[in-house]
Amino acid sequence: MAVIKKFLGKTVEIPEDRNYCSKQGLWGKQENRTIMFGLTQPALVLMGGIKDVDWLLEEGQTVQANESVAFAITGKILYIDTPVAGEVHYNKITAKNPSQINADPYGQGWLFMIKPGGDVATAYRSLVSAESYIETLRNTEGFKNPEGIKGGVSGICKAVYSGIGQQKI
């Protein structure tokens, strides 16, 4: 288990027993003939957690890679795309209790499974390693603002945040 102690003011974990889709902040874990997907702790920290989730497609429907399969409400609206093609199956627990995604993202809080039409191992290898995923995180606000300072750490962010705080409305 890789641990980042200061990531936007939080400690986050990245399991090394799975692969990742950096673009969406998804982890993938091969389970027999399927790949299970969920959101990573760093992704959840960056988006401020999940408040609600809804499925966009029918259970068992065939999807293409990069097709949106879920709609989530965070601090904003987020469409979650599947990184691999195949038959989609959703986690019924997270639909009824979206807080489970935040509470147990690498366990009961998984989002969906894809049963690839082709070789599952090939589909799984299309995702990146934990080490590669951590490298992509180095360019995010989580690493640039390890203490979680409100308003960010760039000069522009600080100026805007300070200006907003000084306004008399």
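Visitor: Which residue stands opposite Thr-34 in strand 5?

Guide: Glu-31 does. Before we go on, this is a predicted model, where local features need pLDDT of at least 70, side-chain atom pairs count only at pLDDT 80 or more, and totals for chains, interfaces and linings use all residues. Residues are numbered from 1 along each chain as its sequence is written, and side-chain values use heavy atoms, with hydrogens and water left out.

Visitor: How do I read strands and their pairing?

Guide: Strands are DSSP runs of E, at least two residues, and helices are runs of H or I, at least four, numbered from the N terminus. Two strands pair if DSSP finds at least two bridges between them. Here strand 4 (residues 26-31) runs antiparallel to strand 5, joined by 6 bridges. The two make a hairpin with 2 residues between them, and Asn-32 in the turn has a positive phi of about 55°.

Visitor: Which strand pairs with strand 5 over 3 bridges?

Guide: Strand 11 (residues 112-115), also in the antiparallel sense. There, Met-113 is the bridge partner of Met-36.

Visitor: Is strand 5 buried or exposed?

Guide: Buried means under 20% relative accessible area, exposed over 50%, and partly exposed in between (1.4 Å probe, protein chains only). In strand 5 (residues 34-39), 6 of the 6 residues are buried, so the strand is largely enclosed by the rest of the structure.

Visitor: Which way do those side chains go?

Guide: Thr-34, Met-36 and Gly-38 point one way, while Ile-35, Phe-37 and Leu-39 point the other, and all are buried.
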